[in-house]
Amino acid sequence: MTRFLALLIVIAAFMIVEARRAVRNEQAQRARGGVEPQNDVYRLMQVAYPGVFLAMIADGVLHPAPPTALVVLGVVIFALGKALKWWAIVSLGPCWTFRVLVVPHSVAVRSGPYRLLRHPNYVGVVGELAGAALVAGAPIAGPLGTALFIALMAARVRVENRALDAILRRG
């Protein structure tokens, strides 16, 4: 049970910190005229993201504990995913939010991990999910929840790409 409680605390703590930052940045972007594109899947992601982690923990409770090596690998993958995600968050600065917001006269960020990847935040999220699945020992909810969230992120990427393309055409 200690493993599940520790995982839950770590995930919840990051979610709280990220949510506070996202809300603060969203308010600033809206004050600068930020507009949310249509057809975003944010509302689904808002429920699915914590839901997938909770499902993984519940799944892990129902299955035998994974070998220590898998738990350690999961911690490493989770930490690397978080590190990439936070590199992206810091690189975007006040532009990072949970929502896609297009601010007039903005420019696309091309520094940090954005020099290498168009959507490094989402690569980091996959690391978070895969790592948490290994730590939890979630053989069913891990792969299914990760696949579900990857599908949501793919839909989100289409929305973001349209918004980014509009910015790049202007700038």
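**View 1. Ala132 and its contacts across the predicted model.** Ala132 is in contact (heavy atoms within 4.5 Å) with Leu7, Ile11, Phe53, Met56 and Phe78, leaving aside neighbours within four places in sequence. This is a predicted model: local features need pLDDT of at least 70, side-chain atom pairs count only at pLDDT 80 or more, and totals for chains, interfaces and linings use all residues. Residues are numbered from 1 along each chain as its sequence is written, and side-chain values use heavy atoms, with hydrogens and water left out.

**View 2. The nonpolar cores.** A nonpolar core is a set of buried Ala, Val, Leu, Ile, Met, Phe, Trp, Tyr and Cys residues joined through side-chain atoms within 4.5 Å. Buried means under 20% relative accessible area, exposed over 50%, and partly exposed in between (1.4 Å probe, protein chains only). The largest core has 27 residues; Leu7, Met45, Met56, Leu129, Ala132 and Phe149 touch the most other members. Elements giving two or more residues to this core are α1, α2 (42-62), α3 (68-92), α4 (120-136) and α5 (141-170). Helices are DSSP runs (H or I, at least four residues), numbered from the N terminus. A second, separate core of 7 residues includes Ala88, Ile89, Leu92 and Trp96.

View 3. A salt bridge puts a side-chain nitrogen of Lys or Arg within 4 Å of a carboxyl oxygen of Asp or Glu. By this rule there are 11. Lys82 pairs with Glu18, with the closest N and O atoms 2.6 Å apart. This pair links helix α3 to helix α1, 64 residues apart. Lys82 also meets Glu128 in a salt bridge (2.5 Å, N to O). Lys82 lies in helix α3 and Glu128 in helix α4, so this pair ties together parts 46 residues apart in sequence. Lys82 is buried at 6% relative accessible area, and Glu18 at 1%. Glu128 is buried too. Salt bridges link Glu18, Lys82, Lys85 and Glu128 in a network.

View 4. Asp59 lies in helix α2. Asp59 is buried, yet the nearest side chain of opposite charge, Arg3, is 10 Å away. Lys and Arg count as positive, Asp and Glu as negative; His and the chain ends are not counted. Beyond four places in sequence, Asp59 touches Gly137, Ala138, Pro139, Ile140, Ala141 and Gly142.

**View 5. A salt bridge between partly exposed residues.** Glu36 and Arg30 meet through their side chains (2.9 Å, N to O). Glu36 is partly exposed at 26% relative accessibility, and Arg30 at 35%.
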